[in-house]
Amino acid sequence: MAAIQKKTGFIVARGEVSPRHAEDQGSAPLPFRRRRACTENTCPVSDVNPHYLDHVVKLSETSDIEASEDIVSGTGMKLLAKGAKIDARARERLLEFRLNKPLENMMRVVGGTDPALFHPLAEQLLARHGLLRGICATVPEFDPIAVLRALELSDNVRSLLSVYAGQATSKLEHAVGVAVITSALGGSVSANPADASALAVAALTHDVGELYIDPAFLRRGVKLTSRQWKHVATHPIVGSHVLGAMPGAGPRIASVVMAHHERLDGCGYPQGTLGTSLSMAGQMLAVAEMLMGLMESGTHHGRRAAVAMRLVPGEFHRRFIDRVMQGAREDDETGAADPKGLDVHSLETRVSGLAATLAHMRDEHHALEPQLARFSAPLRALVAHASARWDRIGIAFSSTGLDGVADERLHAVLSAMSASELDEVDIVLRELEWRIGELERALQIRSELFGPEDARRVNDLIEQARQPMLLAAMAAAAS
Ligand SMILES: [Fe+2]
Ligand SMILES: [Fe+2]
């Protein structure tokens with residue numbers, strides 16, 4: 001397994017998961033492994049990920065999918081001839097044998113996702129989202145839609161994208177939206193058309209790794225166990241593996257896709273890669289992915305984007321913060337806050353819960369300091385990383401001016417705020433709560449890599465962090 005340079009040790013290392021065996025990282029069983037009596041050398045083990053194949057089979061109900069060459073097993077047996085249909089009837093056969101090369105590189109979706117679809121979709125997204133228009137307007141001399149219009153995709157990339165887009169209309173919209181933002185951000189960094197094209201392909205395909213994950217784990221609103229979350233968190237790695245070996249994509253695009261959930265300060269996933277180890281292209285894609293997610297939920301996208309980019313120092317490159325801030329100012333749909341939209345009582349609960357959690361975690365860290373010398377080096381590094389993250393969250397919280405307000409005065413202080421100020425507090429709280437949840441998930445995943453004693457300590461830390469917020473919510477419910 002290749003070592004990762006400058007990573008914080010969060011979550012997983014490169015090469016731990018292959019697309020075929022992504023399930024190994026989760027708690028789900030391995031439905032594609034044949035459980036028959038056989039020796040290691042003779043037992044046929046499927047090399048095709050069943051979730052990916054299920055998406056292919058589903059798409060085959062509405063589109064023709066065919067073998068673009070003879071599909072041959074690792075032992076030389078022809079499984080499907082060139083031109084044969086890949087559908088439900090071929091499923092078991094493809095799962096039965098290890099193939100001599102990736103299935104994704106040997107199949108074609110006939111009349112699949114046509115790049116000509118991208119720019120009309122991009123125009124629709126621009127019409128819908130003021131923030132998107134604002135970001136594109138920050139480089140008036142560069143047209144991100146022109147990049148999509150000029151894009152040429154290999155048959156394999158087109159087919160992979162067709163399977164991804166076949167899941168739901170929103171999937172292709174997400175991919176195209178991320179591509180527009182990434183291209184707009186890239187337009188100010190490089191004028192090279194080859195760079196722009198590679199960046200657009202990475203942006204369009206950044207989430208194809210999701211095709212290899214149990215769909216039950218990807219449904220909105222599903223509460224995941226740490227094992228299931230770890231499984232989901234592998235999707236950049238899986239997508240990167242698939243694209244790295246695919247004609248028309250390759251290692252350069254794969255490395256950009258790998259970074260699409262990373263952050264400069266090492267608090268992203270899957271690798272927790274730090275600073276200079278992240279390419280500018282990877283950083284642009286990560287910013288675009290975050291912004292598109294934000295535009296796909298709620299309102300006031302410009303204001304939320306401005307907060308999300310600056311709130312916790314160190315997460316994003318200054319260059320992109322400035323661009324997004326400029327784009328957010330040009331967002332013509334930011335609008336005023338809805339005066340009836342926010343409940344002061346619920347905000348009060350969230351503010352006091354967050355304040356208590358941050359104070360509690362500071363105390364916990366002080367209490368832990370004398371014991372750190374007895375901890376293993378990886379555990380010490382993890383505690384240092386989590387503490388630094390808590391400190392940055394604390395600094396971000398203090399930007400609301402509410403961190404020093406005593407509980408008994410909080411209601412009066414919030415009640416005196418304007419709708420716009422309350423809205424700002426809500427946006428900041430939402431961002432910080434999300435980051436706390438993210439830190440908790442990262443710690444849970446990391447705890448699985450430690451021995452029982454260290455894992456218990458990490459889980460204690462997580463429990464300690466949960467208590468004040470839970471108590472505040474219970475107190476609010478009882479009042
Ligand atoms: Fe995404
Ligand atoms: Fe993703």
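**Close-up views of a predicted model**

**View 1. Surroundings of F450.** Leaving aside residues up to four places away in sequence, F450 touches L379, A455 and V458, a contact being a pair of residues whose C-beta atoms, placed from the backbone, lie within 7 Å. This is a predicted model, in which local features need pLDDT of at least 70 and side-chain atom pairs count only at pLDDT 80 or more, while totals for chains, interfaces and linings use all residues. Residues are numbered from 1 along each chain as its sequence is written, and chains are lettered from A and ligands numbered from 1 in the order in which they are written. F450 lies in the loop that separates α18 (419-447) from α19 (452-478), where helices (H or I, at least four residues) and strands (E, at least two) are DSSP runs numbered from the N terminus. F450 counts as partly exposed because it has 17 C-beta neighbours inside 10 Å (buried: 20 or more other C-beta atoms within 10 Å; exposed: 12 or fewer; partly exposed: in between).

**View 2. F450 and P378.** These two residues are 72 residues apart in sequence, yet their C-alpha atoms are 8.5 Å apart in space.

**View 3. Packing of α4 with α13.** G130, L131 and G134 of α4 meet H301, G302 and A305 of α13.

Technical notes: Contact = placed C-beta atoms within 7 Å.
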